[in-house]
Amino acid sequence: MDTIRDLNPTTGECLAEIDCAGKNEVEAAVARARTAWPAWRALSIDERCSLLAGGAKRLGERATEIGELIAREMGKPLQNGLGEARSYAKHVPKELEEVRAALAPQDFKGPGSSTTLVREPHGVVAAITPWNFPVGMPLGILVPALASGNTVVLKPSEHVPLCGALIAECFGADLPEGVLELLQGDGATGAALVAADIDMVGFVGSRETGMAIMAAAASGLKRLVLELGGKDPLVVFADADLAAAAEVAVQHSVRNTGQVCCGLERIFVEESVLGPFTELVLEQAAQWGHGDPMARGDAPAAPLGPMVSRAQRDKVAAQVDAAVADGARLLLGGTVPAGPGAFYPTTVLADVSPEMTVYREETFGPVVALISFDGSEAEAIRLANDTPFGLGANVFSGDLPRARRVAAEMRAGQVGVNRYLGSAPGTPWVGARHSGFGFLGGVEGHRQFTWPKSISE
Ligand code: NAD
């Protein structure tokens with residue numbers, strides 16, 4: 001049997017060794033979820049939501065424990081891990097309200113008949129999730145899937161198994177047996193889960209894994225929500241508020257040590273302001289140092305921890321090294337620090353060009369990649385869309401109509417105009433093109449955990 005070695009990316013210490021669930025255990029967990037489904041579906045949505053609200057309360061009560069676990073398992077600074085646990089504990093009750101509203105039956109009148117549209121849960125949902133937001137990512141699937149009347153088998157990332165177990169404990173405590181099952185394991189366990197007798201996969205992770213899941217799900221026509229990677233652009237025109245744009249450029253390239261799906265990966269700057277903009281970027285970047293994510297005491301904690309693993313760090317270092325070998329200018333960082341752990345410094349690269357892997361492939365590390373362009377609207381749009389991904393995109397210009405025209409042509413699910421993207425509550429999280437298939441949140445997202453059924457009299 002394979003084993004997960006759950007490593008602390010700050011120290012290299014092994015936090016736990018956990019056996020990966022094999023085919024038999026996967027099938028047994030799915031069978032328990034299938035057995036539990038009819039009774040769970042038969043509850044009213046109010047009853048289900050009230051049980052899930054209990055899980056959110058427990059999550060809030062255990063936020064400190066979870067925050068520390070996040071810091072130890074994936075290296076997020078303690079304050080940020082605590083913030084993640086607390087904000088999701090607060091968010092779940094609001095999301096339950098949204099699900100309730102999205103699934104309310106709708107009445108339609110026709111000539112001589114009336115139809116009620118109700119929403120039926122699919123059955124057993126596999127929730128397969130990544131490590132970069134160890135609380136937020138599993139909850140993004142669990143909460144709408146369970147509230148809609150599905151049962152769920154959760155397989156958290158092999159990098160954060162203890163966080164996954166704690167979430168399952170908080171939410172599973174009030175639920176009938178089999179409604180929320182937990183499986184630990186790596187990609188092989190995930191693949192066995194997709195192949196098992198499930199009805200839907202709610203997946204958040206890389207494009208490559210998403211493609212493998214889509215292929216594997218085809219033979220059973222299993223429903224899919226896939227939230228995948230990105231290569232988000234920021235376009236900065238010369239007439240923009242350069243200081244504001246530089247702050248956004250750096251913060252959203254490097255926060256969470258660059259491990260954010262909608263992090264900025266390509267910054268296009270009008271060539272006439274490249275010099276002053278680069279200076280502003282370097283000033284900002286100097287504020288993003290790294291350090292022990294568990295730091296406590298008087299000294300302020302560093303804003304960045306290590307990356308999740310040495311393998312992820314080495315991938316980022318290889319992209320940066322290759323870019324420099326191909327002519328990019330290294331303005332800051334770019335050297336793997338000595339010592340244990342998976343640290344990588346905030347790095348600024350200029351003269352990045354389209355042939356480089358750092359331009360083409362998701363970097364998922366603390367790298368600010370600067371690329372100049374001629375300032376034309378058409379070129380800005382072409383470059384922003386010069387990727388198969390379509391998660392987020394951002395544009396800054398003092399000419400608001402121009403910024404809006406560019407935003408309208410950007411092929412991405414979320415676009416920020418003179419600010420970093422971020423949608424108002426109630427809107428779905430959308431991966432367009434290679435960034436996904438299906439949505440999460442909002443009316444459109446919540447309804448995907450159900451199918452519409454019309455009953456006419
Ligand atoms: P990953 O694809 O390597 O793994 C994600 C999950 O899939 C893990 O639980 C893993 O064990 C499982 N898995 C791996 N192979 C599998 C297979 N063949 N079948 C079934 N399951 C399998 O991704 P990761 O490294 O954990 O996460 C980083 C990626 O997630 C990045 O690409 C990032 O952009 C993306 N992400 C996207 C969003 C979004 O909302 N679009 C949010 C967060 C992260």
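In this predicted model, 19 residues of domain 1 are in contact with 26 residues of domain 2. The domain assignment behind this description places residues 3-228 together with 435-456 in domain 1, and residues 232-424 in domain 2. Between the C-alpha centres of the two domains there is a separation of 30 Å. The area buried between domain 1 and domain 2 comes to about 1900 Å², and carbon and sulfur atoms give 61% of this area. On the domain 1 side, three residues deserve a look on the structure above: Thr10, Trp131 and Ser435 supply 28% of the area that domain 1 buries against domain 2, more than any other three residues.

The ligand brings both domains into the picture once again, with at least three residues of its shell drawn from domain 1 and at least three from domain 2. In total, 28 residues surround the ligand, and the closest are Glu158, Ser206, Thr209, Leu228 and Glu362. Sorted by class, this shell holds 14 nonpolar residues, nine polar residues and five charged residues.

Glutamate 158, one of the closest residues, has a side-chain N or O atom 2.7 Å from an oxygen atom of the ligand. Backbone atoms take part as well: a polar backbone atom of leucine 228 lies 2.6 Å from a nitrogen atom of the ligand, and a polar backbone atom of alanine 191 lies 3.4 Å from a ligand nitrogen atom. Taken alone, the ligand exposes 850 Å², and the protein buries 87% of that area.

In terms of secondary structure, the elements that give two or more residues to the shell around the ligand are helix α7 (187-195), strand β8 (200-204) and helix α8 (207-218). Of these, α7 provides the largest share of the shell, with three residues.

Notes: Residues numbered from 1 in each chain as written. Predicted model: local features only at pLDDT ≥ 70, side-chain atom pairs only at ≥ 80, totals over all residues. Heavy atoms only, no water. Near = heavy atom within 4 Å. Polar contact = N/O pair within 3.5 Å; in protein donor to acceptor, adjacent residues only side chain to side chain. Areas by Shrake-Rupley, 256 points an atom, 1.4 Å probe, with all protein chains shown as cover. Helix = DSSP H or I, 4+ residues; strand = E, 2+ residues; numbered from the N terminus. Nonpolar A, V, L, I, M, F, W, Y, C, P; charged D, E, K, R; others polar. Domains from an automatic or database assignment. Contact = heavy atoms within 4.5 Å. Buried area = accessible area lost by both parts, 1.4 Å probe.
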